[in-house]
Amino acid sequence: MSEAVREAGKKGRPEFRNIGITDITLKVRQPPAAVVSILHRISGAALFLMLPFLLYLLQESLLSETSYGHFAGMVDNAFVKLILLGLSWAYLHHFTAGVRHLVMDMHLGLDKGTSQKTAVWVFVVSLALTALVGLKLFGVF
């Protein structure tokens with residue numbers, strides 16, 4: 001077979017290739033609703049995995065005044081404050097996205113434009129609430 005026949009045959013076939021995580025995160029621009037949905041799942045998983053640890057810390061802090069003072073002193077560390085801020089964001093994002101999903105379960109806001117707008121509002125509300133928590137956590141007010 002000549003080279004021209006091989007080239008003509010190759011052009012008609014679709015090209016499939018494996019997609020890596022960098023292709024999804026860097027090359028493909030997801031709509032806001034997709035990002036909210038993905039982050040809703042990630043934040044739920046993070047909260048689920050951290051729950052036993054947080055309950056353990058709560059139990060230990062409630063044992064005595066000394067243990068409470070120990071854990072209160074740990075929260076003064078900037079790294080611990082950042083972890084708490086991340087957990088606060090996870091909770092607030094999961095909560096606001098969950099409210100959005102509940103509203104959508106009532107068949108409200110299902111069209112494409114409204115869905116994208118509510119997804120953006122989830123980001124705005126969760127980040128604004130997280131900023132307020134961060135300001136309180138770092139002692140601004």
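Predicted model: local features only at pLDDT ≥ 70, side-chain atom pairs only at ≥ 80, totals over all residues.
Helices here are DSSP runs of at least four residues, numbered from the N terminus.

How much of the chain is tucked away? Of its 141 residues, 18% count as buried. The chain exposes about 10600 Å², and carbon and sulfur atoms supply 70% of that area. As for contacts between residues at least 6 apart in sequence, 75% of them join residues at least 24 apart.

Val120, Trp121, Val124, Val125, Leu129, Leu132, Leu135, Val140 and Phe141 together make a nonpolar surface patch of about 820 Å². One of these residues, Val120, sits in helix 6, which covers residues 112-137. Val120 has a relative accessible area of 38%, and a residue needs over 30% to be part of a patch, so Val120 passes that cut-off.

Now for the aromatic rings. A pair of them is described by how far apart the centres are and by the angle of the planes. The count comes to one aromatic pair, formed by Tyr91 and Phe95, with 6.2 Å centre to centre and 25 degrees between the planes. Why does this pair count as stacked? Planes under 30 degrees apart are classed that way, and the angle here is 25 degrees. Tyr91 and Phe95 are four residues apart in helix 5 (residues 78-105), so about one helical turn separates them. Tyr91 is partly exposed, with a relative accessible area of 47%, and Phe95 is also partly exposed, at 47%.

Note on methods: Residues numbered from 1 in each chain as written. Heavy atoms only, no water. Patch = residues over 30% accessible without salt bridge, like charges linked within 9 Å, V, L, I, M, F, W, Y side chains within 5 Å. Areas by Shrake-Rupley, 256 points an atom, 1.4 Å probe, with all protein chains shown as cover. Salt bridge = Lys/Arg side-chain N within 4 Å of Asp/Glu carboxyl O. Helix = DSSP H or I, 4+ residues; strand = E, 2+ residues; numbered from the N terminus. Buried < 20%, exposed > 50% of the residue type's maximum accessible area, 1.4 Å probe, protein only. Contact = heavy atoms within 4.5 Å. Phe/Tyr/Trp six-rings, centres within 6.5 Å; stacked < 30°, edge-to-face > 60°.
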